[in-house]
Amino acid sequence: MMSTGAEHDLLEIGVISPEPIPSKGLSVGEVGYLITGVKDVRQSRVGDTVTSAHKPAEESLGGYEDPKPMVFSGLFPIDGSDYPALRDALDKLKLNDAALIYEPETSAALGFGFRCGFLGLLHLEIVRERLEREFNLDLISTAPNVIYDVVDEAGNAKRVTNPSEFPEGKVATIREPMVACTIIAPSDYIGAIMELCQSRRGQMGGMDYLSEDRVEMRYRLPLAEIVFDFFDQLKSRTRGYASLDWKFDGEEEADLVKVDILLQGEKVDAFSAITHRDKAYSYGVMMTGKLRELIPRQQFEVPIQAAIGSRIIARENIRAMRKDVLSKCYGGDISRKRKLLEKQKEGKKRMKMVGRVEVPQEAFIAALSSGEEKEKKDKKSSRYSVENG
């Protein structure tokens, strides 16, 4: 195997016509098979060149490239005991999906899982559906993100596939992957498509009329802007008539920042995100608002903050649960009531200094999931309500 350099003993060679028939060898134009007894499928890759170990070819056939993942997402089992089953399922799925790349990952919020690389969002959805249907697994998939090349002020380069890997301190440059998009749609929707692409930091490359009422538009967009809900937005704005095709188109320097979420002054890495500086504020407001609804109230007030470095850009407060200490006071001197309220205030202050905020698993799942879990739950609840009148 010329790409991996692995050598195997040939047990049988034959042709397929249409059943496998053993033969002495394969000649030009024949479609056949090899039996080698390979135990590790990673030693044999789709598209690789096979040659004799005694008289090897000087160079491999052209056109072969290792599949490069474009989109990364974390897959975590809802039940932690399903982690070995998820690992075995990914190993089996890898047998007939050479483009799937995965490595173990540990999250403080979601436990043990895998960081998976996919060719695109469709590939992610197919793999996840197969894991759930064929292997009966209940999975959480975190919001998809892409690879960034980060160079800090000291000149050290680093590839970042997860916001938690983003280097601390000042950053010199950040490069993000770009894609060349071709959109074909009815001419009535040109304005809606242009508005959508410009809101996703798109650069228009050209526009041609294919007929009186059909137009082809070419845009250059950041991959991070189209991996999540760009296609859904395009379909909804064009009533389903638009078609989209895209391909990788190099990298480009961009003004990106890491947005951290702080609970009572402590960073929660699981909620961090890498986003464009213009959209950092809206992400911070959205995430703090969502967490305020999801995290239960404590005995003390809990601030939820979004920050870029040391600068706070958004804040929400979870109000404290307050015991009615005046319930036993029926009239009487106001100083007695004030004394009880001051005592409660001191207790709350002391509790805030030593108290810790425990974020429930459901809050992490709802905040980190890519939105599909909520849709599934909504469908299940609506189906239940219809069936039960």
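Me: How many salt bridges are there?
Reply: The count comes to 16 salt bridges, a salt bridge being a side-chain nitrogen of Lys or Arg within 4 Å of a carboxyl oxygen of Asp or Glu. This is a predicted model, in which local features need pLDDT of at least 70 and side-chain atom pairs count only at pLDDT 80 or more, while totals for chains, interfaces and linings use all residues. Residues are numbered from 1 along each chain as its sequence is written, and side-chain values use heavy atoms, with hydrogens and water left out.

Me: What does Arg130 pair with?
Reply: Arg130 forms a salt bridge with Glu134, at 2.9 Å from N to O, and both residues lie in helix H2 (residues 121–134), 4 residues apart, about one turn of the helix. Helices (H or I, at least four residues) and strands (E, at least two) are DSSP runs, numbered from the N terminus.

Me: Switching topic, which residue does Glu225 bridge to?
Reply: Glu225 bridges to Arg201, with the closest N and O atoms 3.1 Å apart; Glu225 sits in helix H4 (residues 223–226) and Arg201 in the loop between helix H3 (190–199) and strand E11 (203–209), 24 residues apart. Glu225 is buried, at 10% relative accessibility.

Me: Which network is Glu225 part of?
Reply: Salt bridges link Glu176, Arg201, Glu225 and Lys279 in a network.

Definitions and conventions:
Buried means under 20% relative accessible area, exposed over 50%, partly exposed in between (1.4 Å probe, protein chains only).
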